[in-house]
Amino acid sequence: MLLGANRVGFGTMAMVIIGCTACRGCQLGTCHVGIATQIETTEEAERQGLKRFVPRVLENGVIYETTFFRGMAREIRILTAKLGYHRTQDLVGHAELLTQTRGLDKLDLSDLLAPPAPAGVPQLESDVRIIRKPLNYLTSLISGLVAETFAKGEERVRYDDDSATSSDRAIGTHLAGTMVRGWQEGRIGASCEALLHFHRDSVPGNGLGAFTIPHITIRVEGGAQDGVGKSMRGGKVVILKGENRNGVRVGGSVGKGLGYGAQGGTFIVQGEADSRACIRLSGADVVLGGSIRSRIDDTLGNMAGRATLKGFACEYMTAGRVVVLGDPGPWFCSGMTGGTVYCYLDTEMGFDREVLRRRIAQGAGVEIRDLDEYDLPRVEQLLGRYHRELLHSHQEDEADWLAEVMARCRGSFVKVVPEQAMITPKTTE
Ligand code: SF4
(Lines give C-alpha, C1' and ligand atoms only; values in the text may rest on other atoms or scores of the structure.)
Protein backbone atom coordinates (compact mmCIF):
# COMPACT_ATOMS: atom_id res chain seq x y z
CA MET A 1 0.00 0.00 0.00
CA LEU A 2 2.89 2.35 0.71
CA LEU A 3 3.97 1.86 -2.90
CA GLY A 4 0.52 2.87 -4.16
CA ALA A 5 -1.93 -0.03 -3.99
CA ASN A 6 -5.26 0.96 -2.52
CA ARG A 7 -6.72 -2.56 -2.52
CA VAL A 8 -5.20 -5.75 -1.18
CA GLY A 9 -6.51 -9.23 -1.94
CA PHE A 10 -6.41 -12.09 0.52
CA GLY A 11 -7.91 -14.84 -1.64
CA THR A 12 -4.91 -17.18 -1.54
CA MET A 13 -4.27 -16.46 2.13
CA ALA A 14 -7.86 -17.40 2.97
CA MET A 15 -7.30 -20.75 1.26
CA VAL A 16 -3.99 -21.36 3.02
CA ILE A 17 -5.65 -20.74 6.40
CA ILE A 18 -7.87 -23.77 5.91
CA GLY A 19 -5.06 -26.01 4.75
CA CYS A 20 -4.33 -25.24 1.09
CA THR A 21 -0.65 -25.80 0.32
CA ALA A 22 -0.81 -23.64 -2.81
CA CYS A 23 0.33 -26.59 -4.88
CA ARG A 24 -1.61 -25.13 -7.84
CA GLY A 25 -3.21 -28.43 -8.67
CA CYS A 26 -6.91 -27.51 -8.29
CA GLN A 27 -7.64 -28.19 -11.95
CA LEU A 28 -6.34 -31.76 -11.65
CA GLY A 29 -9.16 -32.79 -9.33
CA THR A 30 -6.68 -34.42 -6.95
CA CYS A 31 -6.49 -31.85 -4.14
CA HIS A 32 -4.60 -33.60 -1.36
CA VAL A 33 -6.20 -31.64 1.48
CA GLY A 34 -9.84 -31.93 0.44
CA ILE A 35 -10.59 -28.36 -0.63
CA ALA A 36 -10.98 -28.38 -4.41
CA THR A 37 -13.49 -30.73 -6.04
CA GLN A 38 -12.16 -34.22 -6.44
CA ILE A 39 -12.19 -36.99 -8.97
CA GLU A 40 -14.26 -39.99 -8.00
CA THR A 41 -12.33 -41.91 -5.36
CA THR A 42 -12.35 -45.39 -6.73
CA GLU A 43 -10.21 -48.30 -5.63
CA GLU A 44 -8.29 -47.91 -8.87
CA ALA A 45 -7.61 -44.22 -8.07
CA GLU A 46 -6.36 -45.18 -4.61
CA ARG A 47 -4.11 -47.84 -6.13
CA GLN A 48 -2.61 -45.02 -8.23
CA GLY A 49 -1.79 -43.18 -5.01
CA LEU A 50 -4.62 -40.65 -5.11
CA LYS A 51 -6.02 -39.71 -1.72
CA ARG A 52 -9.61 -40.47 -0.76
CA PHE A 53 -11.59 -37.23 -0.86
CA VAL A 54 -12.33 -35.99 2.64
CA PRO A 55 -13.98 -32.56 2.56
CA ARG A 56 -12.75 -29.96 5.02
CA VAL A 57 -14.87 -29.44 8.11
CA LEU A 58 -16.82 -26.22 7.55
CA GLU A 59 -17.20 -25.19 11.20
CA ASN A 60 -13.44 -25.43 11.84
CA GLY A 61 -12.72 -23.50 8.66
CA VAL A 62 -14.94 -20.63 9.77
CA ILE A 63 -13.18 -20.47 13.16
CA TYR A 64 -9.71 -20.46 11.54
CA GLU A 65 -10.67 -17.74 9.05
CA THR A 66 -12.26 -15.39 11.57
CA THR A 67 -9.40 -15.85 14.05
CA PHE A 68 -6.78 -15.11 11.41
CA PHE A 69 -8.48 -12.07 9.89
CA ARG A 70 -9.30 -10.56 13.29
CA GLY A 71 -5.66 -10.97 14.31
CA MET A 72 -4.38 -9.48 11.08
CA ALA A 73 -6.76 -6.51 11.27
CA ARG A 74 -5.47 -5.79 14.78
CA GLU A 75 -1.83 -5.94 13.62
CA ILE A 76 -2.55 -3.61 10.69
CA ARG A 77 -4.26 -1.11 12.99
CA ILE A 78 -1.22 -1.13 15.30
CA LEU A 79 1.21 -0.67 12.38
CA THR A 80 -0.89 2.18 10.95
CA ALA A 81 -0.95 3.94 14.33
CA LYS A 82 2.82 3.50 14.76
CA LEU A 83 3.32 5.27 11.42
CA GLY A 84 1.23 8.16 12.73
CA TYR A 85 -1.96 7.61 10.72
CA HIS A 86 -5.56 6.98 11.75
CA ARG A 87 -6.70 5.16 8.60
CA THR A 88 -4.74 2.51 6.69
CA GLN A 89 -6.11 3.97 3.41
CA ASP A 90 -4.25 7.20 4.21
CA LEU A 91 -0.97 5.29 3.87
CA VAL A 92 -1.52 4.67 0.15
CA GLY A 93 1.42 5.97 -1.88
CA HIS A 94 3.55 7.09 1.08
CA ALA A 95 6.67 5.37 -0.22
CA GLU A 96 8.82 7.80 1.78
CA LEU A 97 7.87 5.81 4.88
CA LEU A 98 9.74 2.81 3.50
CA THR A 99 13.48 2.31 4.00
CA GLN A 100 15.66 -0.29 2.36
CA THR A 101 17.30 -2.16 5.23
CA ARG A 102 19.21 -4.87 3.40
CA GLY A 103 20.46 -6.05 0.02
CA LEU A 104 21.69 -2.56 -0.97
CA ASP A 105 24.89 -4.06 -2.39
CA LYS A 106 22.80 -6.21 -4.72
CA LEU A 107 19.92 -3.89 -5.68
CA ASP A 108 19.43 -0.21 -4.92
CA LEU A 109 15.71 0.51 -4.54
CA SER A 110 16.04 4.26 -3.90
CA ASP A 111 14.44 5.17 -7.29
CA LEU A 112 11.44 3.05 -6.42
CA LEU A 113 11.04 4.62 -2.99
CA ALA A 114 11.57 8.23 -4.11
CA PRO A 115 8.39 10.35 -4.09
CA PRO A 116 7.14 11.24 -7.59
CA ALA A 117 7.98 14.68 -8.94
CA PRO A 118 5.12 17.16 -8.28
CA ALA A 119 2.87 17.90 -11.23
CA GLY A 120 4.31 20.56 -13.52
CA VAL A 121 7.95 19.86 -12.65
CA PRO A 122 9.76 18.93 -15.88
CA GLN A 123 11.12 15.39 -16.09
CA LEU A 124 14.51 14.52 -17.49
CA GLU A 125 14.89 15.47 -21.15
CA SER A 126 15.46 11.84 -22.07
CA ASP A 127 12.10 10.87 -20.58
CA VAL A 128 9.50 10.21 -23.23
CA ARG A 129 5.86 9.89 -22.32
CA ILE A 130 4.40 7.01 -24.23
CA ILE A 131 0.72 7.19 -25.10
CA ARG A 132 -1.38 4.49 -26.69
CA LYS A 133 -4.88 4.02 -27.93
CA PRO A 134 -6.99 3.60 -24.76
CA LEU A 135 -8.10 0.04 -24.12
CA ASN A 136 -11.71 1.16 -24.13
CA TYR A 137 -11.40 3.24 -27.30
CA LEU A 138 -13.78 1.22 -29.50
CA THR A 139 -16.49 0.81 -26.85
CA SER A 140 -16.66 4.57 -26.23
CA LEU A 141 -16.45 5.32 -29.97
CA ILE A 142 -19.43 3.03 -30.67
CA SER A 143 -21.34 4.51 -27.76
CA GLY A 144 -20.85 8.04 -29.11
CA LEU A 145 -21.85 7.11 -32.67
CA VAL A 146 -24.98 5.24 -31.59
CA ALA A 147 -26.08 7.98 -29.17
CA GLU A 148 -25.54 10.59 -31.90
CA THR A 149 -27.77 8.61 -34.26
CA PHE A 150 -30.49 8.23 -31.62
CA ALA A 151 -30.30 12.00 -31.05
CA LYS A 152 -31.17 12.49 -34.75
CA GLY A 153 -34.45 10.68 -34.17
CA GLU A 154 -33.53 7.15 -35.28
CA GLU A 155 -34.89 4.37 -33.10
CA ARG A 156 -33.05 1.34 -34.47
CA VAL A 157 -29.33 1.55 -35.08
CA ARG A 158 -26.93 -1.05 -36.37
CA TYR A 159 -23.16 -0.65 -35.98
CA ASP A 160 -21.18 -2.85 -38.41
CA ASP A 161 -17.49 -3.65 -38.09
CA ASP A 162 -15.13 -6.43 -39.03
CA SER A 163 -12.02 -5.74 -37.07
CA ALA A 164 -12.61 -6.09 -33.34
CA THR A 165 -9.49 -7.49 -31.67
CA SER A 166 -8.22 -8.36 -28.21
CA SER A 167 -7.44 -4.72 -27.41
CA ASP A 168 -11.10 -3.79 -27.92
CA ARG A 169 -12.40 -4.52 -24.46
CA ALA A 170 -15.84 -4.26 -22.90
CA ILE A 171 -17.54 -3.58 -26.23
CA GLY A 172 -21.14 -2.62 -25.56
CA THR A 173 -20.60 -1.72 -21.91
CA HIS A 174 -20.10 1.98 -22.52
CA LEU A 175 -23.19 2.00 -24.74
CA ALA A 176 -25.27 0.35 -21.97
CA GLY A 177 -24.32 3.15 -19.57
CA THR A 178 -24.98 5.83 -22.20
CA MET A 179 -28.42 4.41 -23.00
CA VAL A 180 -29.47 4.13 -19.34
CA ARG A 181 -28.41 7.73 -18.68
CA GLY A 182 -30.14 8.79 -21.91
CA TRP A 183 -33.38 7.12 -20.83
CA GLN A 184 -33.22 8.65 -17.39
CA GLU A 185 -32.59 12.12 -18.78
CA GLY A 186 -35.11 11.76 -21.62
CA ARG A 187 -32.47 12.11 -24.36
CA ILE A 188 -32.96 8.58 -25.70
CA GLY A 189 -36.37 7.08 -26.38
CA ALA A 190 -37.45 4.03 -24.39
CA SER A 191 -37.95 2.04 -27.59
CA CYS A 192 -34.49 2.70 -29.05
CA GLU A 193 -32.53 -0.44 -29.93
CA ALA A 194 -28.94 -0.98 -30.95
CA LEU A 195 -27.32 -3.90 -32.76
CA LEU A 196 -23.54 -4.20 -32.82
CA HIS A 197 -22.42 -6.66 -35.49
CA PHE A 198 -18.81 -7.76 -35.88
CA HIS A 199 -18.16 -9.79 -39.01
CA ARG A 200 -15.61 -12.19 -40.45
CA ASP A 201 -13.08 -13.30 -37.85
CA SER A 202 -13.49 -10.72 -35.09
CA VAL A 203 -12.36 -11.76 -31.62
CA PRO A 204 -13.05 -8.85 -29.24
CA GLY A 205 -11.15 -8.56 -25.97
CA ASN A 206 -12.24 -9.19 -22.42
CA GLY A 207 -15.64 -8.15 -21.13
CA LEU A 208 -17.60 -8.18 -24.41
CA GLY A 209 -21.16 -7.15 -23.52
CA ALA A 210 -20.40 -6.88 -19.82
CA PHE A 211 -23.29 -5.26 -17.91
CA THR A 212 -25.37 -5.15 -21.08
CA ILE A 213 -29.03 -4.16 -20.82
CA PRO A 214 -32.21 -4.87 -22.78
CA HIS A 215 -32.39 -3.24 -26.23
CA ILE A 216 -28.76 -4.07 -27.03
CA THR A 217 -27.80 -7.02 -29.23
CA ILE A 218 -24.18 -7.91 -29.88
CA ARG A 219 -23.42 -10.42 -32.60
CA VAL A 220 -19.83 -11.51 -33.27
CA GLU A 221 -18.64 -13.83 -36.01
CA GLY A 222 -15.32 -15.22 -34.85
CA GLY A 223 -15.10 -15.59 -31.09
CA ALA A 224 -14.58 -13.65 -27.89
CA GLN A 225 -12.20 -13.64 -24.96
CA ASP A 226 -12.87 -13.88 -21.20
CA GLY A 227 -15.78 -12.35 -19.31
CA VAL A 228 -18.41 -12.27 -22.08
CA GLY A 229 -21.64 -10.73 -20.76
CA LYS A 230 -20.65 -10.75 -17.12
CA SER A 231 -23.42 -9.37 -14.91
CA MET A 232 -25.60 -8.81 -17.99
CA ARG A 233 -29.10 -7.49 -17.18
CA GLY A 234 -30.71 -8.10 -20.55
CA GLY A 235 -30.18 -7.94 -24.29
CA LYS A 236 -28.50 -10.57 -26.38
CA VAL A 237 -24.93 -11.71 -27.03
CA VAL A 238 -24.39 -14.10 -29.94
CA ILE A 239 -21.00 -15.61 -30.74
CA LEU A 240 -20.91 -17.48 -34.04
CA LYS A 241 -18.19 -19.12 -36.06
CA GLY A 242 -16.41 -16.63 -38.31
CA GLU A 243 -15.08 -17.02 -41.82
CA ASN A 244 -11.34 -17.51 -42.16
CA ARG A 245 -9.40 -16.34 -45.20
CA ASN A 246 -10.44 -19.48 -47.09
CA GLY A 247 -14.10 -18.73 -46.49
CA VAL A 248 -14.46 -21.60 -43.99
CA ARG A 249 -16.36 -20.94 -40.77
CA VAL A 250 -14.26 -21.72 -37.68
CA GLY A 251 -14.13 -20.83 -33.98
CA GLY A 252 -17.21 -19.34 -32.40
CA SER A 253 -15.72 -19.98 -28.96
CA VAL A 254 -15.49 -17.84 -25.85
CA GLY A 255 -12.99 -17.49 -23.02
CA LYS A 256 -13.42 -17.98 -19.30
CA GLY A 257 -16.37 -16.90 -17.18
CA LEU A 258 -19.07 -16.62 -19.86
CA GLY A 259 -22.13 -14.90 -18.40
CA TYR A 260 -20.69 -14.56 -14.90
CA GLY A 261 -23.61 -13.65 -12.64
CA ALA A 262 -25.81 -12.65 -15.59
CA GLN A 263 -29.33 -11.79 -14.41
CA GLY A 264 -31.15 -11.60 -17.72
CA GLY A 265 -30.92 -11.65 -21.50
CA THR A 266 -29.79 -14.36 -23.89
CA PHE A 267 -26.42 -15.85 -24.76
CA ILE A 268 -25.82 -18.02 -27.79
CA VAL A 269 -22.37 -19.52 -28.33
CA GLN A 270 -21.75 -21.72 -31.33
CA GLY A 271 -18.34 -23.05 -30.33
CA GLU A 272 -16.67 -24.07 -27.07
CA ALA A 273 -16.48 -22.19 -23.79
CA ASP A 274 -13.48 -22.07 -21.52
CA SER A 275 -13.78 -22.83 -17.82
CA ARG A 276 -16.51 -21.52 -15.54
CA ALA A 277 -19.11 -20.83 -18.24
CA CYS A 278 -22.36 -19.66 -16.61
CA ILE A 279 -20.75 -19.37 -13.19
CA ARG A 280 -23.17 -17.73 -10.73
CA LEU A 281 -25.72 -17.45 -13.53
CA SER A 282 -28.65 -15.63 -11.96
CA GLY A 283 -31.44 -15.57 -14.52
CA ALA A 284 -30.20 -15.41 -18.11
CA ASP A 285 -30.90 -17.89 -20.92
CA VAL A 286 -27.86 -19.58 -22.45
CA VAL A 287 -27.47 -21.89 -25.43
CA LEU A 288 -24.05 -23.52 -25.68
CA GLY A 289 -24.09 -24.89 -29.20
CA GLY A 290 -20.67 -26.56 -29.44
CA SER A 291 -21.09 -30.25 -30.19
CA ILE A 292 -19.00 -33.33 -29.35
CA ARG A 293 -16.40 -33.80 -32.06
CA SER A 294 -14.86 -37.15 -31.19
CA ARG A 295 -16.34 -40.17 -29.44
CA ILE A 296 -16.28 -39.88 -25.64
CA ASP A 297 -13.46 -41.87 -24.02
CA ASP A 298 -12.73 -40.71 -20.48
CA THR A 299 -9.88 -43.22 -20.10
CA LEU A 300 -7.80 -40.85 -22.25
CA GLY A 301 -7.72 -38.38 -19.32
CA ASN A 302 -7.65 -34.58 -19.55
CA MET A 303 -11.42 -34.53 -19.42
CA ALA A 304 -11.61 -30.73 -19.33
CA GLY A 305 -9.35 -30.26 -22.33
CA ARG A 306 -11.38 -32.71 -24.41
CA ALA A 307 -14.79 -31.35 -23.37
CA THR A 308 -16.86 -28.62 -25.02
CA LEU A 309 -17.00 -26.63 -21.76
CA LYS A 310 -13.63 -26.69 -20.03
CA GLY A 311 -14.64 -27.33 -16.44
CA PHE A 312 -16.72 -25.84 -13.62
CA ALA A 313 -19.60 -24.90 -15.93
CA CYS A 314 -22.73 -23.65 -14.11
CA GLU A 315 -20.82 -23.44 -10.83
CA TYR A 316 -22.86 -21.67 -8.11
CA MET A 317 -25.71 -21.12 -10.57
CA THR A 318 -28.79 -19.72 -8.81
CA ALA A 319 -31.31 -19.13 -11.63
CA GLY A 320 -31.70 -19.15 -15.39
CA ARG A 321 -31.81 -21.75 -18.15
CA VAL A 322 -28.86 -23.31 -19.91
CA VAL A 323 -28.85 -25.70 -22.85
CA VAL A 324 -25.66 -27.68 -23.44
CA LEU A 325 -25.40 -29.51 -26.77
CA GLY A 326 -21.86 -30.78 -26.20
CA ASP A 327 -19.80 -32.29 -23.40
CA PRO A 328 -20.28 -30.10 -20.29
CA GLY A 329 -16.88 -31.10 -18.90
CA PRO A 330 -15.80 -31.96 -15.36
CA TRP A 331 -16.86 -30.39 -12.05
CA PHE A 332 -20.18 -29.52 -13.65
CA CYS A 333 -22.86 -27.76 -11.52
CA SER A 334 -20.66 -27.48 -8.44
CA GLY A 335 -22.52 -25.49 -5.78
CA MET A 336 -25.57 -25.01 -8.04
CA THR A 337 -28.67 -24.04 -6.04
CA GLY A 338 -31.16 -22.90 -8.68
CA GLY A 339 -32.08 -22.77 -12.37
CA THR A 340 -32.13 -25.58 -14.88
CA VAL A 341 -29.49 -27.01 -17.18
CA TYR A 342 -30.71 -29.01 -20.16
CA CYS A 343 -28.14 -31.46 -21.54
CA TYR A 344 -28.26 -33.16 -24.91
CA LEU A 345 -27.41 -36.85 -24.68
CA ASP A 346 -25.46 -37.36 -27.89
CA THR A 347 -25.46 -41.15 -27.67
CA GLU A 348 -24.00 -41.53 -31.16
CA MET A 349 -20.85 -39.94 -29.72
CA GLY A 350 -21.00 -42.04 -26.55
CA PHE A 351 -22.41 -39.28 -24.35
CA ASP A 352 -25.14 -40.88 -22.27
CA ARG A 353 -26.68 -40.36 -18.85
CA GLU A 354 -23.88 -42.21 -17.07
CA VAL A 355 -21.19 -40.10 -18.75
CA LEU A 356 -23.11 -36.98 -17.75
CA ARG A 357 -23.26 -38.25 -14.14
CA ARG A 358 -19.46 -38.51 -14.15
CA ARG A 359 -19.25 -34.83 -15.15
CA ILE A 360 -21.21 -33.66 -12.12
CA ALA A 361 -18.95 -32.34 -9.35
CA GLN A 362 -18.45 -34.44 -6.25
CA GLY A 363 -20.73 -33.13 -3.53
CA ALA A 364 -22.90 -31.09 -5.92
CA GLY A 365 -26.49 -31.10 -4.63
CA VAL A 366 -28.05 -31.71 -8.02
CA GLU A 367 -29.87 -34.53 -9.76
CA ILE A 368 -30.45 -35.63 -13.34
CA ARG A 369 -34.09 -35.92 -14.38
CA ASP A 370 -36.10 -36.58 -17.52
CA LEU A 371 -37.83 -33.62 -19.15
CA ASP A 372 -41.49 -33.10 -18.33
CA GLU A 373 -44.21 -31.33 -20.30
CA TYR A 374 -43.17 -28.02 -18.83
CA ASP A 375 -39.56 -28.43 -20.02
CA LEU A 376 -40.15 -29.40 -23.63
CA PRO A 377 -41.43 -26.04 -24.91
CA ARG A 378 -38.65 -24.29 -23.00
CA VAL A 379 -35.93 -26.35 -24.67
CA GLU A 380 -37.57 -25.93 -28.08
CA GLN A 381 -37.85 -22.20 -27.56
CA LEU A 382 -34.17 -21.84 -26.58
CA LEU A 383 -32.97 -24.02 -29.45
CA GLY A 384 -35.28 -22.11 -31.77
CA ARG A 385 -33.39 -18.91 -30.99
CA TYR A 386 -30.11 -20.63 -31.88
CA HIS A 387 -31.64 -22.07 -35.05
CA ARG A 388 -32.69 -18.60 -36.21
CA GLU A 389 -29.15 -17.31 -35.65
CA LEU A 390 -27.74 -20.15 -37.77
CA LEU A 391 -30.15 -19.45 -40.61
CA HIS A 392 -29.57 -15.73 -40.34
CA SER A 393 -25.83 -16.30 -40.76
CA HIS A 394 -26.38 -18.70 -43.70
CA GLN A 395 -25.13 -21.80 -41.87
CA GLU A 396 -27.74 -24.09 -43.36
CA ASP A 397 -25.89 -27.36 -42.62
CA GLU A 398 -25.56 -26.55 -38.93
CA ALA A 399 -29.18 -25.39 -38.88
CA ASP A 400 -30.28 -28.72 -40.40
CA TRP A 401 -28.34 -30.68 -37.73
CA LEU A 402 -29.93 -28.57 -35.03
CA ALA A 403 -33.38 -29.08 -36.53
CA GLU A 404 -32.85 -32.86 -36.24
CA VAL A 405 -31.83 -32.46 -32.59
CA MET A 406 -34.93 -30.34 -31.96
CA ALA A 407 -37.14 -32.97 -33.57
CA ARG A 408 -36.10 -35.57 -30.99
CA CYS A 409 -35.99 -33.25 -27.98
CA ARG A 410 -38.19 -35.43 -25.81
CA GLY A 411 -35.99 -38.51 -25.68
CA SER A 412 -32.55 -37.01 -26.07
CA PHE A 413 -32.43 -34.29 -23.43
CA VAL A 414 -32.28 -34.54 -19.65
CA LYS A 415 -32.19 -31.76 -17.11
CA VAL A 416 -29.86 -31.11 -14.20
CA VAL A 417 -31.56 -29.33 -11.32
CA PRO A 418 -30.85 -28.81 -7.62
CA GLU A 419 -31.97 -31.74 -5.50
CA GLN A 420 -35.55 -31.41 -4.30
CA ALA A 421 -34.33 -31.10 -0.72
CA MET A 422 -32.47 -27.92 -1.62
CA ILE A 423 -35.38 -26.17 -3.29
CA THR A 424 -38.32 -27.31 -1.14
CA PRO A 425 -38.71 -25.14 1.95
CA LYS A 426 -38.70 -27.17 5.15
CA THR A 427 -42.00 -27.22 7.03
CA THR A 428 -42.38 -27.62 10.75
CA GLU A 429 -45.43 -29.57 11.80
S1 SF4 B 1 -5.21 -28.57 -5.09
FE2 SF4 B 1 -5.86 -28.18 -2.97
S3 SF4 B 1 -3.94 -27.75 -1.86
FE4 SF4 B 1 -3.47 -27.56 -4.05
S5 SF4 B 1 -3.79 -25.36 -4.53
FE6 SF4 B 1 -5.77 -26.39 -4.95
S7 SF4 B 1 -6.93 -26.21 -3.03
FE8 SF4 B 1 -4.77 -25.77 -2.53
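User: Is the crossing of α5 past α6 left-handed or right-handed?

Analyst: Right-handed, in this predicted model.

User: What angle do the axes cross at, and how near do they come?

Analyst: Roughly 35°, and the axes come within 7 Å. Helix α5 covers residues 137-151, and α6 covers residues 173-185.

User: Which residues make the contact?

Analyst: From α5: Thr139, Ser140, Ile142, Ser143, Val146, Ala147 and Phe150. From α6: Thr173, His174, Leu175, Thr178 and Gly182.

User: How do those divide into nonpolar, polar and charged?

Analyst: The α5 contact with α6 has 5 nonpolar residues, 7 polar and no charged.

User: New topic. Which residues surround the ligand?

Analyst: Met15, Cys20, Thr21, Ala22, Cys23, Arg24, Gly25, Cys26, Cys31, Val33, Ile35 and Ala36.

User: And how does that shell divide?

Analyst: Into 9 nonpolar, 2 polar and 1 charged.

User: What domains is the protein divided into?

Analyst: Domain 1 is 11-97, and domain 2 is 152-423. Their centres, taken over C-alpha atoms, are separated by 33 Å.

User: What pLDDT does the protein average?

Analyst: The average is 90, and 93% of the residues score at least 70.

User: Where is the pLDDT below 50?

Analyst: Over residues 424-429. Beyond near neighbours in sequence, that stretch has 0 contacts in the model.

Conventions: Residues numbered from 1 in each chain as written. Predicted model: local features only at pLDDT ≥ 70, side-chain atom pairs only at ≥ 80, totals over all residues. pLDDT = per-residue confidence, 0-100. Contact = placed C-beta atoms within 7 Å. Axes fitted to C-alpha atoms, helices over the stretch in contact; angles between N-to-C directions. Helix = DSSP H or I, 4+ residues; strand = E, 2+ residues; numbered from the N terminus. Left-handed = near helix turned anticlockwise from the far one by under 90°. Nonpolar A, V, L, I, M, F, W, Y, C, P; charged D, E, K, R; others polar. Near = placed C-beta within 6 Å. Domains from an automatic or database assignment.
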